Amino acid sequence: MKKSVKITLSEKEMPRQWYNILADMPNKPLPPLHPATRQPLNPEDLAAVFPMALIKQEVSTERYIDIPDEVLDLYKMYRPSPLYRAINLEKKLGTKSKIYYKYEGGNYSGSHKANTAIAQAYYNKKEGIRRITTETGAGQWGSAMSFACNHFGLELLVFMVRVSFNQKPGRKILMNSYNAKVIPSPSTMTEAGRKVLENDPDSPGSLGIAISEAMEIALQDPYTKYSLGSVLNHVILHQTIIGQEALLQMEKAGEYPDVVIGCFGGGSNFSGIAFPFLRERLLNGKNVRLLTVEPASCPKLTKGKFMYDFGDSAGMTPLLPMYTLGHNFIPEKIHAGGLRYHGAGVLVSQLLKDGFIEAKAKLQRECFEAGVLFASTEGILPAPESNYAIAAALDEARKADLEGQPKVILFNLSGHGHMDISAYEKYFEGNLPDHELTQSEVEEAIAKIDLPMA
Ligand SMILES: *Cc1c(COP(=O)(O)O)cnc(C)c1O
């Protein structure tokens, strides 16, 4: 084994601001629409579900937003996060390219989700909120939010997608340890959940359904607000701390990436690492490709349609202009639970449409194979979601070698897979099926919804 190359920043060097890509986007996204009137939304329309500080961030066009001291204090538990050069992976591949990764799994939640959980809990507490409701798929978001809420003295109620609730009991126990209440979704606790169960008592659930349930509860009480772990502009804003740090670390390494890669669920970890690099491209002409990777079984970016759609299955959220498979889409039970969402964030959608970023889809077995290769060389067992980014990084390295043009590749290792051991067990047993959604299945799912085109 070769000596590892770890590039750290001191606390003093940690960026003190998040970066807002809205300031620099050549084409601004279309406005969100009110779910009932279908007219452009007023920020106040969101006041029943989100605190004002987060609504302001959602619509802000300021380029930089200061990170509050209380948030920085908690960030310092685990930030700045390390950036590594994957020397031993490179050696095993025999590649001439250099592969770097930013590791976001080294915190209490095991994923990048802590970066926004801490900020969201802080702003809610500051505005006098007592309880938060949220959804979680694989459980990383629920875990991230549980600890953050507990820290700031807020109660948390988590609707966990039933298939993940059954696949990943460890996540529920972790959330309970941080004093959160966890309910499998669809549940009988809400009207949205009961409606789904009437039609399908064995429903595996979806993030869209869990969001409807969490929002329904939040709307019933002025001291309860709702919180989302991906997709929205303010969530993506908080995640840019990843790329802000990575820029400094690559500079320390004396290197600039040719391509920056992240896996894609709703867009937060990819945007978090990629947007500060996109800023450098837009403002300073620094050439870099931005590549995001989704599962072939949930291919909203590569096969979905760009249109207005709801973020949840019951149609309670604003209509957002995004790439989507339709808000009633129920994805296959693949193990990258965090990538099983029907839609994509508005910012990424617009940037993809305008050609600033690239997207590709991959099958899960190849991604697990890449993840195991990574674990055996670099020593970190990746989250199943992160395996998609690793597989794409390997593709880039192999392509560069074929072309005889070595590249500098940077990817985001969004989390570790210690709570996903059963998925790896299935992979080793050969029990991990590949599933690809066809274009005609996508057309069918979208034909079921009747919404205005963006
Ligand atoms: C939630 C999650 C994802 C997917 O969500 P994004 O918002 O697209 O980042 C990816 N990796 C991990 C480890 C996650 O927890």
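User: Within what distance do the axes of α5 and helix α7 come, and at what angle do they cross? Please place the answer in its surroundings.

Analyst: The model is predicted: local features require pLDDT of at least 70, side-chain atom pairs count only at pLDDT 80 or more, and totals for chains, interfaces and linings use all residues. Residues are numbered from 1 along each chain as its sequence is written, and side-chain values use heavy atoms, with hydrogens and water left out.

The axes of α5 and α7 (residues 169-177) come within 8 Å and cross at roughly 10°; axes are lines fitted to C-alpha atoms, for helices over the stretch in contact, and angles run from 0 to 180 degrees between N-to-C directions. Helices (H or I, at least four residues) and strands (E, at least two) are DSSP runs numbered from the N terminus. The crossing makes α5 roughly parallel to α7, a class that covers angles under 35 degrees. Q140, G142, S143 and S146 of α5 meet R171, L174 and M175 of α7, where contact means heavy atoms within 4.5 Å. These residues divide into 2 nonpolar, 4 polar and 1 charged; Ala, Val, Leu, Ile, Met, Phe, Trp, Tyr, Cys and Pro count as nonpolar, Asp, Glu, Lys and Arg as charged, and the others, Gly among them, as polar.

As for the sheet, 4 strands form an open arrangement in the order β8-β7-β6-β9, with parallel pairing; two strands pair if DSSP finds at least two bridges between them. Because β8 (181-185) and β9 (224-227) stand at the edges with a single partner strand each, one side of each lacks a neighbour in the sheet. Strand β6 (residues 131-136) pairs with β9 over 4 bridges, and R131 stands opposite T224 in β9. Helix α5 (residues 140-152) packs on this sheet, touching β6, β7 (155-161) and β9, and its direction makes about 165° with that of β6.

Key
Parallel < 35°, antiparallel > 145°, perpendicular 65-115°, else oblique.
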